Amino acid sequence: MMKVLIALIPLLAVCAGQLNNLTNSQELDPAGNFRLNWEVIPETGDIVLEIQAKTAGWVSLEIVTDDGKYADVIFGGYNDEFNFGYVEDWSLEWTPGAHLLPIPDASKDIVLQSATYVDPTTTLRVKRSLNTGDYYDVPIHSGQMPMGWSYSATDAYDSVHAAAGFVYITFY
């Protein structure tokens, strides 16, 4: 039995390393306040996304369809007042002339892996499938994809963002 446990240690270290060392990274904010790190987990169909933003409030990442009409919204953060991380799975459809408000996705396809706040940075790490099969989720595909990002100075869901932007990211 001990030989089996010893043999499993390297395998566990490799698996843990896949989740701890995200090899892809892109600064989304030209001011340097919002970075996305990610790693596609081989042979699982999953991706780990880690947002690092210089804020004490919420962060959001919008995975946008290639035509720019629809977005899968990852919204979350770390509430340092109550010491807990949170994440929401929302969707957003752009309607000309309408005020954009995301709606909750009934199928929660995002798994919160960790959330921290260490002054001045909030870090949110989530895992999801590249293609969840959910109508309200945007599949992540290889090549260039449009992405939106934003963050707020507070954790209040209804607070206005302090900064936001739109970029293209090339995945695996």
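Is E50 buried or exposed at 9% relative accessibility? E50 counts as buried at that value, where buried means under 20% relative accessible area, exposed over 50%, and partly exposed in between (1.4 Å probe, protein chains only).

The model is predicted, so local features need pLDDT of at least 70, side-chain atom pairs count only at pLDDT 80 or more, and totals for chains, interfaces and linings use all residues. Residues are numbered from 1 along each chain as its sequence is written, and side-chain values use heavy atoms, with hydrogens and water left out.

## Salt bridges

The structure holds three salt bridges. A salt bridge here is a side-chain nitrogen of Lys or Arg within 4 Å of a carboxyl oxygen of Asp or Glu.

| E27 | R35 | 3.2 Å |

E50 lies in strand β3 (residues 46-53) and R125 in strand β9, so the pair ties together parts that are 75 residues apart in sequence. Strands are DSSP runs (E, at least two residues), numbered from the N terminus. R125 is buried as well, with a relative accessible area of 10%.

E27 counts as partly exposed at 29% relative accessibility, and R35 counts as partly exposed at 29% relative accessibility.

Strands of a sheet pair through backbone hydrogen bonds, either parallel or antiparallel. In this report two strands pair if DSSP finds at least two bridges between them.

Four bridges join β1 to strand β2 (residues 34-41) in the antiparallel sense. Within this pairing, Q26 has L36 in β2 as its bridge partner.

T122 lies in strand β9 (residues 121-129). T122 is buried, with a relative accessible area of 0%. A polar atom of its side chain lies 2.6 Å from the backbone oxygen of T55. T122 touches residues including I51, Q52, T55, V59, Y78 and Y117, not counting residues up to four places away in sequence; contact means heavy atoms within 4.5 Å.

## The six-stranded sheet

Six of the six residues of strand β4 (residues 59-64) are buried, so β4 is largely enclosed by the rest of the structure. V59, L61 and I63 point one way from β4, while S60, E62 and V64 point the other way.

β4 pairs with β5 in the antiparallel sense over six bridges. In β5, E62 has V73 as its bridge partner, and L61 has I74. The two strands form a hairpin with five residues between them, and G68 in the turn has a positive phi of about 75°. β4 also pairs with strand β10 (residues 143-151), antiparallel and over five bridges. In β10, Y151 stands opposite V59.

β5 and strand β6 (residues 84-93) pair in the antiparallel sense over 10 bridges. Here W90 in β6 is the bridge partner of V73. β5 and β6 form a hairpin with four residues between them, where N83 in the turn has a positive phi of about 60°. β6 in turn is joined to β7 by two bridges, and these strands run antiparallel. P104 in β7 is the bridge partner of W90.

Note on methods: A polar contact is a pair of N or O atoms within 3.5 Å; within protein, one must be able to donate a hydrogen and the other to accept it, and residues adjacent in sequence count only if both atoms are side-chain atoms.
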